[in-house]
Amino acid sequence: MQEPGFDPKDLANLDSAHEERRLDNYFEHDKGSPLSVDDRWIKGIVKIRLPKEGVQYKCEEDVPEFAVEDVTYRPLVDVFTAAYKQPCVKTWHFIPHRLYWIPDAATSRSAAGSCASSARSPSPHPTSSCSSSQPQSPSSLSDDSSSSALPQDTHEGIRVYSEVWHGDTWLEEDARMRTRPREAGDPSDLEYAIAPWGLYSDSTHLTSFSQASLWPLYGYPLAQSKYVRGQPTSFAAHHLAYIPSLPDTLQDLYQAIYGVPASAAMLTFLKRELMQAVLLLLMDDRFMYAYVHGLVLLCGDEIMRRLFIRFLIHSADYPEKMLLACLRFFARCPCPRCRINKDKIIEMGTRNDLYRRNWVRQDDTDTIYRIKITRRWVLEDGLALTSKYIARVLDPLSLTPTRSAYSIRLREHGFNVYSLFAPDLMHEFELGVWKSIWIHLLRILYAVGEDAIQRLNQRFRQTPPFGRSTIRRFSANVSNQGKLAARDYEARLQCFMPAFENLLVGPASRRDNGIVLDLGFDLATWHCLAKLREHTEISLAGLDAKTVDVGATVRTFAKKTCGEYVTVELPSKDSAARGRRTAHLNKNKNIRKRGAATTEAKRKYFNYTTYKFHAMRDYAPAIRAIAASDNFNTQVGELEHRHVKRFYARTNKIRAAFQIAQHMRRAEKLRIIKRRVDAARASQEGAAVNATLTELVTGGKPDRSTAAVPQEPLPFMADPLARYHIAESQRECDDLSLWVASQAADPAFQVQDFLSDLRNHMLTRFNVALPLGDEDYSMTDRSRVVFMKNRIYWHRVLRVNYTTYDRRRTQESINPRTHGDVLLLATNKNEGDHPYWYARIIKIFHVNVRMLGAFDEEPKRIDVLWARWFRYDQSALSGFGAKRLPRVTFIPPQCNADQFAFLDPADVVRGAHIIPAFAHGRTSCFLGPSSVRNNGSNLGKDINMDTDFKYYYVNIFADRDMFMRFYGGGIGHQGLRLQSDTVRRGPVPLRLARH
């Protein structure tokens with residue numbers, strides 16, 4: 001409506017229902033158009049059998065059926081065809097390949113030794129190597145077969161895993177496809193390729209205050225970059241089906257047939273049958289023909305190909321995986337990938353555990369026979385689902401009397417259904433392993449008593465935020481467990497160590513505090529490694545090693561620490577309500593005794609014998625098979641739920657699934673049409689600009705009503721190749737001399753000669769050499785610096801551009817009022833010195849300067865940061881060997897070092913997350929009451945604002961890029977010098993270079 005050509009009169013006689021029907025029936029005859037495919041939604045019907053204990057039938061076909069109607073789905077072949085005809089296919093990958101990183105010799109030696117980058121080196125040159133070797137076995141996510149189908153890797157570089165086409169699974173499928181004979185009649189120039197797809201399914205609530213829900217099945221083309229698939233605004237997800245739940249009328253029919261309602265075990269069996277029936281409906285004859293023989297398509301890049309559809313992953317949470325794999329939930333063998341027994345999960349990370357994982361699940365003849373015979377017992381012989389005879393056959397492998405649809409359709413073509421399910425970082429670690437450990441740590445703090453839980457809440461509230469919603473402010477008490485998302489638990493893990501330090505008290509408090517901090521460091525390190533978007537063989541080896549450490553640390557925590565405390569369930573609204581109800585009942589029964597407790601909290605023990613703990617060792621093999629974990633993390637699917645929730649508001653709330661489907665399809669068509677309109681307008685504007693330039697060159701006058709003038713980019717969209725960006729504005733300014741004079745009483749200006757140091761900094765920026773033998777500039781040199789109009793111009797934000805470890809450019813905002821801590825490269829000469837300097841930005845400003853004696857030069861704008869230095873505390877153990885964060889402190893006045901300095905913004909690497917060391921308290925010995933302390937502290941209004949914390953911790957787990965700057969091995973970080981992992985004792989005087 002804000003377009004210049006919009007006229008409200010055009011909507012006078014608009015019939016929206018008629019236009020929606022026109023849009024639904026609109027198709028194009030061009031074979032290369034994505035609108036040429038009739039991929040409309042269909043209402044299907046699936047039927048499931050209703051057996052009954054004690055009722056026998058001659059065959060399975062005689063068992064009564066129940067028809068589930070209104071199954072909303074789209075034929076898979078039509079969806080895949082429309083997807084590969086989109087114009088964005090031009091950026092997709094069709095040939096898998098290995099990616100290698102060939103660093104220089106120094107980097108290779110450093111990376112192979114201690115996972116740390118080497119000295120400064122040129123930019124890396126990633127190279128790729130295609131593979132078309134014949135596979136020997138199907139891909140699996142287990143350790144023994146992650147790359148068994150591929151030849152031995154003999155490339156001189158370091159292998160990189162980022163996108164799906166870098167993993168072994170796609171390479172194996174591509175090699176297997178190319179060993180088959182070509183289809184009869186295909187021309188020799190017809191390209192053959194795999195069309196890999198990833199699936200995601202999970203039920204979601206459509207509203208917050210009703211029972212409305214939807215069970216969608218999404219499909220993602222894995223040939224598209226994950227950096228595009230992961231953005232909800234790219235609309236990369238293709239909605240395949242909305243799986244129905246068991247209708248309420250099922251119990252009515254069941255009772256009408258057998259006289260009794262279906263049991264809980266029977267309903268679980270029928271739910272599993274319904275899921276597989278819907279998948280069988282999707283994998284129809286057309287799909288099977290395309291799976292075996294391929295589809296000949298004119299793709300969006302105008303290349304004719306024969307594409308073979310392949311499913312590489314099906315992402316889901318744990319209950320959904322067991323439902324899809326037709327396995328029993330929390331049974332003897334809880335893993336969908338291997339056959340490990342539940343009582344052996346406790347040994348995760350040991351050598352015995354590694355051997356047990358080699359017994360991978362296979363969809364073999366024995367498995368099919370067990371399912372077939374027990375299914376006959378249930379459907380034909382009327383045997384109970386809880387029968388001990390069925391348990392003897394199925395329980396050793398945790399099977400069920402239902403066969404997976406993937407097995408029924410794809411097993412004969414060499415597909416192993418159990419290799420489809422990768423581990424899920426969000427549900428299985430952030431909302432699984434770490435959540436359970438976090439909750440038990442809260443129980444321990446409640447058991448400790450005193451004010452331990454209140455101190456934990458206070459420390460988290462005082463923890464500063466970081467980045468653009470990377471770590472949000474902990475506004476509420478972290479001990480409250482209501483409605484927390486995965487990102488909330490992730491933030492608690494990232495900031496855990498400073499907040500939990502020395503909270504445990506008791507006879508073994510020193511030992512227990514050390515164990516808990518070791519556990520937090522190991523879990524945070526493992527989480528950062530597992531969540532990397534770009535892996536190398538070096539980082540994967542580190543992930544394997546850290547998984548072993550996590551297993552040992554968790555067992556130590558469970559054995560030594562958890563046994564020292566009597567832990568009960570956390571206080572909550574539900575437990576309080578139960579206590580009130582119990583007290584009320586006891587009062588009515590007159591059984592309450594004086595001094596006796598009316599309620600007793602339930603004892604809670606730490607349980608880590610779960611599948612989610614067991615799955616931690618499957619991430620490294622899964623990354624080698626499918627590439628980085630963000631390719632199979634369920635977070636992408638969870639974000640896609642936003643779209644169906646938005647369209648639910650446009651329905652009449654009655655059988656909303658099909659209405660949501662219609663809205664989704666219309667939105668897809670409108671996006672395609674909009675892209676065409678935008679491209680046409682861009683072409684017209686480009687032609688108008690060219691015509692305007694031609695008239696200017698030939699001397700004609702341009703038509704200002706039609707000429708399109710290119711607009712300047714927004715300030716925050718500055719050149720990504722620029723090192724930093726500060727606004728050009730000069731609105732906020734002060735007289736330099738008057739402003740410095742007004743701050744004379746401030747202790748910060750008493751320890752620093754602001755004007756002299758600023759002039760020294762200007763001389764450094766103008767590359768004026770120091771006099772021979774002098775350590776400082778003379779008064780004569782300083783007098784050459786002339787500040788134009790004697791003005792200083794203030795700015796609020798510094799935006800720093802930098803390259804991440806995965807070779808992508810990104811931007812970070814530095815605001816002294818909210819996030820003022822920064823990280824700089826140290827100019828150390830010794831190999832073991834700490835690689836970075838840390839500072840807290842106080843002010844951002846620029847001055848217009850010229851040098852006396854250089855009359856031919858115009859005044860030059862100089863951007864400056866006024867900062868307060870942190871000093872690295874070498875007396876504290878830190879690093880990956882010590883499992884502690886680097887500790888820093890402000891520089892005291894008695895040290896022979898500058899407390900404050902002026903910095904060149906180009907020297908800032910990026911922002912740093914500096915967290916107070918709460919356990920060591922505050923001090924006023926660094927600086928008296930000063931205005932500089934009100935900037936960048938992020939602690940809000942506090943009665944202690946005139947003091948500083950004695951120590952601060954550098955949060956190396958703030959994000960993945962920050963972690964890799966300390967861990968080393970990031971390809972995008974080449975050119976940065978990192979230390980080896982050694983720990984030194986003893987305070988060493990630190991004199992920072994004058995900038």
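**Briefing: a predicted protein model**

Leu-14 sits in the segment before α1 (16–24); helices (H or I, at least four residues) and strands (E, at least two) are DSSP runs, numbered from the N terminus. This is a predicted model, in which local features need pLDDT of at least 70, side-chain atom pairs count only at pLDDT 80 or more, and totals for chains, interfaces and linings use all residues. Residues are numbered from 1 along each chain as its sequence is written, and side-chain values use heavy atoms, with hydrogens and water left out.

**Overall**
- The protein has 29 helices and 29 strands.
- Of its 995 residues, 53% count as buried, meaning under 20% relative accessible area (1.4 Å probe, protein chains only).

**Around His-834**
- His-834 is in the loop between β20 (821–825) and β21 (836–851) and is buried, at 6% relative accessible area.

**Aromatic pairs**
- The whole structure holds 51 aromatic pairs; rings of Phe, Tyr and Trp (its six-membered ring) pair if their centres lie within 6.5 Å, with planes under 30 degrees apart counted as stacked, over 60 as edge-to-face and the rest as tilted.
- Tyr-192 and Phe-308 form a tilted pair, 5.6 Å centre to centre with 45 degrees between the planes.
- Tyr-192 lies in strand β6 (residues 191–201) and Phe-308 in strand β12 (residues 304–315), so this pair ties together parts 116 residues apart in sequence.
- Tyr-192 is buried at 8% relative accessibility, and Phe-308 is buried at 3%.
- The rings of Phe-311 and Tyr-406 have centres 6.2 Å apart and planes at 80 degrees, so the pair is edge-to-face.
- Phe-311 is in strand β12 and Tyr-406 in helix α13 (residues 405–410), 95 residues apart.

Conventions. Buried < 20%, exposed > 50% of the residue type's maximum accessible area, 1.4 Å probe, protein only.
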